[in-house]
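Hello,

Here is the structure I promised to hand over. My notes follow below it.

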Amino acid sequence: MYKNSAKLHKAAKDLIPGGCSTESKKPEALFVSENSPAYYKRAKGAKLYDMDQNEFIDFGMALGACLLGYSHPVIEDAIKREVGNGILTTLPTHLEPQLAKLVIDTVPSIDMVRFMKTGAEAVSSGVRLARAYTGRKFILASGYFGWHDWFSRGEGVPEAIKNLCVLFTFNDTKDFLDKLNTLPEHPAAVVMEPVINEHPKREFLELLRETCDKFGIVLIWDETKTALRMAPGGAQQFYNFTPDLTVMGKALAGGMSLTAIGGKKEFMENWHRVWISSTYACESLSLSAAIAVLNFVRENPVHTHIQKLGTQLLEGAQEISASFPDVLEVYGIPQMVGIRLKGELPDIQEKEASFYRSLLDFGFIIKRKGYNFVCYSHTEEHIDRCLNALEKTLRKNFERSST
Ligand SMILES: Cc1ncc(COP(=O)(O)O)c(C=O)c1O
C-alpha cells in the first residue's frame with residue numbers, strides 16, 4: 001500500500017540526512033513506521049494524495065500552516081497574479097507596505113511590523129531586539145521556538161548561550177516567579193506561546209503582564225501557531241491581551257514562507273540598533289499570498305468554522321478516550337487538538353505503529369506529536385468519519401484495555 005513511498009524514502013536517506021529536511025515530517029516521526037506515506041504528490045482542500053495514489057484526510061495541515069486548506073484558490077490566484085512581475089528584485093515590492101498596513105489594522109498590539117521567512121527567525125529577532133532595547137541578556141521562555149541558538153538545548157550550542165535562557169512552566173505562576181528570582185539580574189524578555197495544551201489562565205497572564213511592566217521586561221508572544229487561527233487578530237484578540245512584541249507565522253501566508261514580528265512603536269523603532277536582514281524577506285509571492293489570506297480571514301467565517309469543527313473533533317475524541325482511559329490521551333483547545341497514545345517510545349513502539357497504520361488504512365492522517373489542526377476546508381462529515389475511524393482503531397487494537 002505504501003510501496004512507492006517506502007522505496008523513495010529509503011533512497012532519499014542517502015541524499016538527505018533523515019530523508020527530509022523537516023524533522024517532524026519524517027514518516028518515522030509521524031507514523032513510527034517507515035512503511036507509511038513518506039511524500040505527497042498532490043494536495044487539495046483537506047485531502048492529500050501520496051506516491052501510491054492513496055487518499056487521506058489530513059489533520060496535520062502542514063504543521064498548522066494551511067489554515068484555509070491545501071491549494072486554496074484565493075491563495076493560488078494571489079500567487080499567480082504576481083508570477084511574471086519579478087518574484088524578487090533589487091527593490092522591495094510595493095506589496096510589502098500594503099501587507100504591513102493590513103497586519104497593523106488586524107492585530108491589536110501591532111503598530112509596526114517586519115517580515116521574515118520562518119518562525120524561528122522571527123522570534124529570534126524579537127529576542128535580539130529585546131536584548132538591545134533593555135541592555136540585558138537573560139531570557140525567560142515557555143514553549144517551542146525553533147532551532148536557533150538562544151533557545152536550542154541540543155548539541156552544538158555553547159553552554160554559555162544555553163545558560164542565558166531559562167524555561168518556565170506554562171500557566172504556573174509560582175514556577176514563573178521562582179525562575180525569575182533565580183536569575184542574577186532581570187531578563188531582557190519573557191518569550192511565550194499563548195497556548196500550550198490548554199487555554200492560558202487569566203491570573204497567569206495578568207501576573208506576567210504586571211511583572212514585565214514593573215521590571216521593564218519585553219513581553220513577546222510567539223503566535224507562530226495561533227496567529228489568524230484563533231481570531232483575525234490572533235490569540236491576543238481572542239484573550240484580550242496586549243503583548244509588547246508579537247510573532248506571526250504558519251497560517252500568515254497559507255503555506256508560503258512568510259512570518260512577521262511586530263509590536264508597539266516604542267520597541268520596533270529600535271530596529272536600526274540590531275542587524276537583522278534577509279535577501280528573501282521581500283519576496284513577492286509570499287507577500288501576495290499573505291494579503292489574500294488576511295483579507296479572506298477578515299471577510300469570511302473562518303474562525304467560527306474552526307471553533308465549531310475543532311470542538312467537534314476535541315469533544316468527540318475526549319468522549320472516545322473516556323472508554324480507553326489507559327490508552328488514549330486527548331488535550332488542547334478546539335483550534336489545536338492533541339490526540340496521542342499514552343506512554344513513551346520505545347515502550348509503545350509496536351502499539352503506536354499499529355495505531356497509526358490502522359488510521360492510515362481508514363484514510364486519516366492524525367498527527368502523533370503536538371497538535372492536529374482543523375482547517376477551513378474540513379467538513380463536519382470529515383470529523384465524523386475521523387472519529388469513527390479512531391474508535392474502530394482503538395477497538396481493534398486495544399479492546400481488552402478498555403473499561
Ligand atoms: C510557537 C512556535 N515558534 C516557532 C516555531 C518555529 O517556526 P519555523 O519552523 O517556521 O522556524 C514553531 C514551529 O512549530 C512554533 O510552533
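This is a predicted model: local features need pLDDT of at least 70, side-chain atom pairs count only at pLDDT 80 or more; totals for chains, interfaces and linings use all residues.

Residue numbers start from 1 along each chain, as its sequence is written.

The ligand

The shell around the ligand holds five nonpolar, six polar and three charged residues. That is 14 residues surrounding the ligand, the closest being Thr 118, Gly 119, Ala 120, Gly 146 and Thr 224. A residue counts as near if its C-beta atom, placed from the backbone, lies within 6 Å. Helix α6 (residues 119-134) gives the most to this shell, three residues. Helices (H or I, at least four residues) and strands (E, at least two) are DSSP runs, numbered from the N terminus.

Helix packing

Two pairs of helices are worth a look. Helix α13 (residues 302-323) packs on helix α15 (residues 380-398) at about 15°, with the axes 10 Å apart. Axes are lines fitted to C-alpha atoms, for helices over the stretch in contact, and angles run from 0 to 180 degrees between N-to-C directions. On the α13 side, the contact includes Leu 309, Gln 312 and Leu 313; on the α15 side, it includes Ile 383, Leu 387 and Leu 390. Contact requires C-beta atoms, placed from the backbone, within 7 Å. By class, the α13 contact with α15 has eight nonpolar, two polar and two charged residues.

Helix α8 (residues 173-182) and helix α9 (residues 202-215) pack at about 25°, their axes 10 Å apart. They are therefore roughly parallel to each other. Thr 173, Phe 176 and Leu 180 of α8 meet Glu 203, Phe 204, Leu 207, Leu 208 and Thr 211 of α9. This contact has five nonpolar, two polar and one charged residues.

The sheet

Four strands form an open sheet, ordered β1-β2-β3-β13, with mixed pairing. Strands pair if DSSP finds at least two bridges between them. β1 (40-44) and β13 (364-365) are the edges, each with a single partner strand, so one side of each has no neighbour in the sheet. Strand β3 (residues 55-58) pairs with β13 in the parallel sense over two bridges. Asp 58 stands opposite Ile 365 in β13.

Best wishes

Notes: Two residues are in contact if their C-beta atoms, placed from the backbone, lie within 7 Å. Ala, Val, Leu, Ile, Met, Phe, Trp, Tyr, Cys and Pro count as nonpolar, Asp, Glu, Lys and Arg as charged, and the others, Gly among them, as polar. Angles under 35 degrees count as roughly parallel, over 145 as roughly antiparallel, 65 to 115 as roughly perpendicular and the rest as oblique.
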